[in-house]
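Subject: Structure handover

Hi,

Here is the structure we talked about. Please open it alongside this note, and read on for what turned up.

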Amino acid sequence: MVGRNEVQVALSRIRQVLRRKQRVPRKADSPSWRNHEPQLHPPGTDPLPVPPVAGGRDIRLGLERMRRVVPNEQAWQGVHVGGTNGKGSIVAFLAGLFKLAGLSHGTFTSPAFPEAHHGILINGLYVNRHMYEANLEHVKARANRLLGSWWSFEGQADPGKLGQLSPFELETLLAFHVFNQMRVKYGIVEVGMGGATDATNIMMNKAVTVISKIDLDHQEYLGSTIQEIARVKAGIMRPRVPCIVDYTNSDKVLRVLEEYAASIGTSITLSHLAKPFLETVDTSQFHLEEYQKQNLLCALAAFQRTFPNQEIDVNRLLALDPFMPGRLERVLVRELTGGLREEPVLVDGAHNMLGVEALATHVDNHVRNGDAPVTWVMALSAGKSKPFARLIEKLLRPQDNVAFVEFERGPSDPEPAPAELGRSISTNILSKESHVYDGNPVVTDAMQWACDVAGGGPIVVTGSLYLVRDFLKLEGVQSKRRRDTMRPGRSQLIRYVKLQEERGLTPPEEKDFKQARRHWYTSPVGAVRRQYESEKGPQPIWPPQRVPEEVTKLQRDLNYHSKQARNYRAALSSLSEDAERRGKKEDISNPTKVLEKQLRHHLAGYEEAKSKLKKFSILRIRTPLTPRTFGLHKNESGPRSDNPYLQDLDQSLEDGIDVDDIILEDDGTAGQTEWEESHEEMLQRVATRRTEQKLAADDKLPEGLFDNDKFRQVTGSKRRFG
């Protein structure tokens, strides 16, 4: 039997085939512009071949699979960022500008590190890990169902040859799903590889596109010349959608981009038009490398073009530290090395010639101290077109030390270049063979060696972004650029209540469950409803209300004092550790007293804000949570059942007997038929009461919350049980 969804999918596919046969072009500003086929090659030339899966890495360019699984609705406008180098940094700058302007936004970058769910951020916060995992399973199941039920047509590709989604396609589908679910207004998306045939190019309704500096990279996938690569990357453009291009691109690249833009009915804007903003930067406070300035110009030009009336303050933006983790970042490794190294380590994911040249310039100008050595920990990914020797020679000096390692390969990661290859190249560059690490090629062992040989000298971790990911994941590596994580929301609260009934919660789930309840209670919208009901009484229908400034301010105060208290605790802990290491030779009593005073101040502020929020009322759970959501249903069909077993159970519950003291067994009061009819119902009622008591004990919810009348008063729900 064919389901309704399969029929709709098939009809949509038939319409698409008929349009192609009639050659009816789609409107450029239509939400279905994603069916446009980007021009990957000039007329009269052969198209670029789609390469096979290389080295076991699952990279499959093309949009056919994504067209089948991405919904036709996109509630957010897209900001699409492509290019070779600087894509992630431009996304980070744009996210900072959106944040300062108060614009709701999500970002998607790849590869995600140090954790898989860190690739998706909502308003500057990582998505919750459990939310990520639950939604990943959901979109994967839906995609498999749609791909598995597709119909093939004459002259069309055989769906059986397309297979399931690649890992990156699945991550892209998940990011778009989360953006829709979180109702963001803008989605800032980094291209994965190339542009025209990249999975992210399925995006509809783009507000602006950005193309950063283009250079040779991934030639086995994108083409052997820079013109071919530029043509593929130009494919993210859309008719009448502005495109910002890094003005430092070569003339060859700019010519290709201009020709492509003209062919589809748009134009490019060079990023140098945003240069006046750079003149306002406080150079005494903020130092930017040349390539960082180019990335910033692209972001500023794109934001100004999209929001011409929005004020832009570059110094406020830079004060947010809007840089990607692992990009020219200094991290602490004291805990990783057991206190052996106090000095920070420079981390930068320079994995191609453009990145390596920029890193070499920075190290020569700001890290090297005369002829003193720099110690490198390095790894590169394998690739047919990657110039390994040139990359290594650009960074190393004869007096340096180097440890060449191999990153841990994930399901969709490239193969690491053999450590022996890096060692053999390095041996020919360095003055002494002893300057080359020859131990186990893993980052933990290599870091220990690097700290030993460097002493207090500089250490640089660089190369593949997958090495940077592995390094930042190590316990004891302290990165200041890790963002906070979103608190679990309503959907997760519902899920955890269901899981609690089915199998109980694991410790991490229990922690998230309590945090979700606490967030539900202290959220501004919940506080508004509590205030309304405290004045008007319980309402069967909840009228929409604008969150008043008073409640918003209390919520901000609560978050601010909580964050500051955590920071002061960390500072006190650091002072105490320093005193212990130095044998208490220095008097730290004065700074300790100041920090303790500030800690007490913020703890008091937190409690005060929390107390004010609580005064609105005792309501904790609001619409649309219902008893059905929790899997708890009561019989409301009429008067109490005349089954003697159910009567005895109901009386015991009304008398306040603890459910753990109730034993369900057939004592012969009535016949076997009555016992069999009532047994399942009794189990359900006991489970319901147990959940009520647990919620009441854990979160001080009123007992009897799931009684029909009480529940409707508290939540405004009109739904009935049963």
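A cavity here is a set of grid points where a 1.4 Å probe fits but cannot get out. Its volume is the space filled by probe spheres set on those points. Please keep in mind that this is a predicted model.

**Cavities**

Five cavities reach 30 Å³ or more. The largest cavity has a volume of about 60 Å³. Which residues line the largest cavity? They are Phe108, Thr109, Ser110, Ala112, Ala116, Gly119, Ile120, Tyr132, Glu171 and Leu174. By type, this lining splits into six nonpolar, three polar and one charged.

**Two backbone spots**

Ser110, one of the lining residues, is joined to Pro111 by a cis peptide bond. Omega there is about -5 degrees. Pro111 sits in the loop between strand S2 (105–108) and strand S3 (120–122).

The other spot is Arg240. This residue is not a glycine, yet its phi is positive, at about 65 degrees. Look for Arg240 in the loop that lies between helix H7 (226–233) and strand S7 (243–245).

**The eight-stranded sheet**

Eight strands make an open sheet. Their order is S4-S3-S2-S5-S1-S6-S7-S8, and the pairing is mixed. Which strands stand at the edges? Strand S4 (125–126) and strand S8 (268–270) do. Each has a single partner strand, so one side of each has no neighbour in the sheet.

S7 pairs with S8 in the parallel sense, over three bridges. Across that pair, Ile244 stands opposite Thr269 in S8.

Helix H8 (residues 251–264) packs on this sheet and touches S6, S7 and S8. The direction of H8 makes about 145 degrees with that of S8. Helix H3 (residues 87–101) lies across strand S1 (77–82), S2, strand S5 (186–190) and strand S6 (206–211). H3 runs at about 165 degrees to S5.

**The five-stranded sheet**

There is also an open sheet of five strands, again with mixed pairing. The order is S9-S10-S13-S11-S12. At its edges stand strand S9 (329–331) and strand S12 (401–404). Each of these has a single partner strand, so one side of each is left without a neighbour in the sheet. Neighbouring strands in this sheet are turned by 25 degrees against each other on average, direction ignored.

S9 and strand S10 (residues 345–348) run antiparallel and are joined by three bridges. Arg330 stands opposite Leu346 in S10. As background, strands of a sheet pair through backbone hydrogen bonds, either parallel or antiparallel.

**A helix pair**

Helix H12 (residues 353–366) packs with helix H13 (residues 388–395). The angle is about 10 degrees, and the axes are 9 Å apart. How are the two helices oriented, parallel or antiparallel? Angles under 35 degrees count as roughly parallel, so H12 is roughly parallel to H13.

From H12, the contact uses Met353, Val356, Glu357, Leu359 and Ala360. From H13, Arg390, Leu391, Lys394 and Leu395 take part. The residues of this contact divide into six nonpolar, no polar and three charged.

Best wishes

How values were computed: Residues numbered from 1 in each chain as written. Predicted model: local features only at pLDDT ≥ 70, side-chain atom pairs only at ≥ 80, totals over all residues. Heavy atoms only, no water. Pairing = 2+ DSSP bridges. Helix = DSSP H or I, 4+ residues; strand = E, 2+ residues; numbered from the N terminus. Axes fitted to C-alpha atoms, helices over the stretch in contact; angles between N-to-C directions. Parallel < 35°, antiparallel > 145°, perpendicular 65-115°, else oblique. Contact = heavy atoms within 4.5 Å. Nonpolar A, V, L, I, M, F, W, Y, C, P; charged D, E, K, R; others polar. 1 Å grid on protein atoms, 1.4 Å probe; cavity = no way out; pocket = protein on both sides within 12 Å on 5 of 7 lines; lining within 4 Å.
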